[in-house]
Amino acid sequence: EVSITKFPADERKIIAKAHDKYKKARAGIINTRHGQIHTPAFMPVGTKGTVKAMLPESVQTTGADIILGNTYHLMLQPGAKRVFKLGGLHKFMNWSKPLLTDSGGFQVMSLSKLRKITEEGVIFNSHIDGSKFMLSPESSTEIQYLLGSTITMAFDECTPYPSTYEQAKSSMELTSRWAKRSRKAFYSRDGYGQFGIIQGSIYNDLRLKSALDLIELDFEGYAIGGLAVGEGQELMFKVLDYAPDLLPINKPRYLMGVGKPADIIGAVQRGIDMFDCVIPTRSGRNGQAFTKYGVVNIRNSKYKEDNTPLEEDCLCPACKNYTKAYLHYLVKVKEILGAMLMTWHNLMYFQKLMLRIREYIAQGKDFDFIS
Ligand SMILES: CO[C@@H]1O[C@H](CNc2nc3cc4c(=O)[nH]c(N)nc4cc3[nH]2)[C@@H](O)[C@H]1O
Ligand SMILES: [Zn+2]
């Protein structure tokens, strides 16, 4: 946990201009109750209390310091109170390092069919059995406490893209009111933190207002929400050219849901510290391997007798002990081991990318390499 120095409002505006382009990358360490997070950091997604097809100890060998869980899924099954009774999510899933949980709003909007947004919170029907639930700043914050999250996310509304200025403005204002209630509901403990999530879509004055509202609440870190929702890389980078600078310079900045290696590199150059994305795990299970030669679609028939590894110098089990021909076969016949090995390689690839980025920043070298 690092403390913030509150910027006086006028100085905050200067910050956005003070930095010359792309010299905003920074490497650091976030100290938490469950260990250190080396930033820039990539968080593998473990939505339902497991990083799909991976043992937690295997996730650890890839170099991940922190993984992500989801309030929405875990509150439906097995239920936050049950996880609490069983000792919390760390114990339940045998992951002793930091855990960040998303607050559930985004998942409600993308997963549950019937839902109603009120000032109080979001009323929705479970996508599993249709039963009725309500998520609010208070209930989301309590659920994340029951799970034992190291980093709790404020309950926000992810403004859809595209949105008109008016829609984005009222959505951002709702998020600011919910952030205040989330902050009030947070049970602050040493080594635990809560992150606010700024909204405002692609409108810079709304992004600034959102940042001002949330900085007043003195969160331990800040996420940039409302991106990676279909706006595309160019528009995302346009927002990232200024939005990170609106946030306290000595606090972690987390870009939610991002992304491909090129997205991550561009976002780090604009001052982002933390990332999460389903791409390495989801695409791994679908037969896509990230390599220094580009993305390998292992199902392609050209690999059916390719006796070489995905990457000759990769230390993951898929590359050390198996060939592309074997991976091609496993994925084609939908063997579980195929999902395991492809996922393991991709997570290792993403963590190696982050390690190289951290090293380049530490040496003051520019890192325009496209991985
Ligand atoms: C592009 O890939 C698709 O899109 C998702 C990644 N993109 C993304 N943008 C997000 C924004 C928010 C937000 O504003 N608030 C909160 N609380 N959580 C968020 C989570 C987010 N995830 C993947 O799930 C994938 O389906
Ligand atoms: Zn590998």
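Reply: **Cavities, pocket and ligand**

The second largest cavity has a volume of about 40 Å³ (the space filled by probe spheres set on grid points, which are joined across faces, edges and corners). A cavity is a set of points, on a 1 Å grid over the protein atoms alone, where a 1.4 Å probe fits but cannot get out; a pocket is an open set with protein on both sides within 12 Å along at least five of seven lines, and lining residues have an atom within 4 Å of a point. The model is predicted, so local features need pLDDT of at least 70 and side-chain atom pairs pLDDT 80 or more, while totals for chains, interfaces and linings use all residues. Residues are numbered from 1 along each chain as written, chains are lettered from A and ligands numbered from 1 in written order, and side-chain values use heavy atoms, without hydrogens or water.

Over the whole structure, 2 cavities of 30 Å³ or more are found.

The largest pocket contains about 710 Å³ of space. Its lining comprises 31 residues, of which Phe106, Gln107, Asp276, Val278 and Arg282 are closest to the pocket centre. Strand 4 (67-70), helix 6 (105-111), strand 13 (274-277) and helix 12 (279-285) each give two or more residues to that lining (DSSP runs: H or I of at least four residues, E of at least two). Helix 6 contributes the most, with 4 residues. By class, the pocket lining has 13 nonpolar, 11 polar and 7 charged residues.

Ligand 1 sits in the largest pocket (more than half of its atoms lie within 2 Å of the grid points). Around ligand 1 there are 15 residues, and Asp102, Asp156, Gly226, Leu227 and Ala228 come nearest (a heavy atom within 4 Å). This shell consists of 7 nonpolar, 5 polar and 3 charged residues.

An N or O atom in the side chain of Asp102 is 2.8 Å from a nitrogen atom of ligand 1. A backbone N or O atom of Leu227 is likewise 2.8 Å from a ligand nitrogen atom, and a polar side-chain atom of Gln199 lies 3.0 Å from a ligand oxygen atom. Of the 540 Å² of accessible area that ligand 1 has on its own, the protein covers 75% (Shrake-Rupley method, 1.4 Å probe).

Key
Polar contact = N/O pair within 3.5 Å; in protein donor to acceptor, adjacent residues only side chain to side chain. Nonpolar A, V, L, I, M, F, W, Y, C, P; charged D, E, K, R; others polar.
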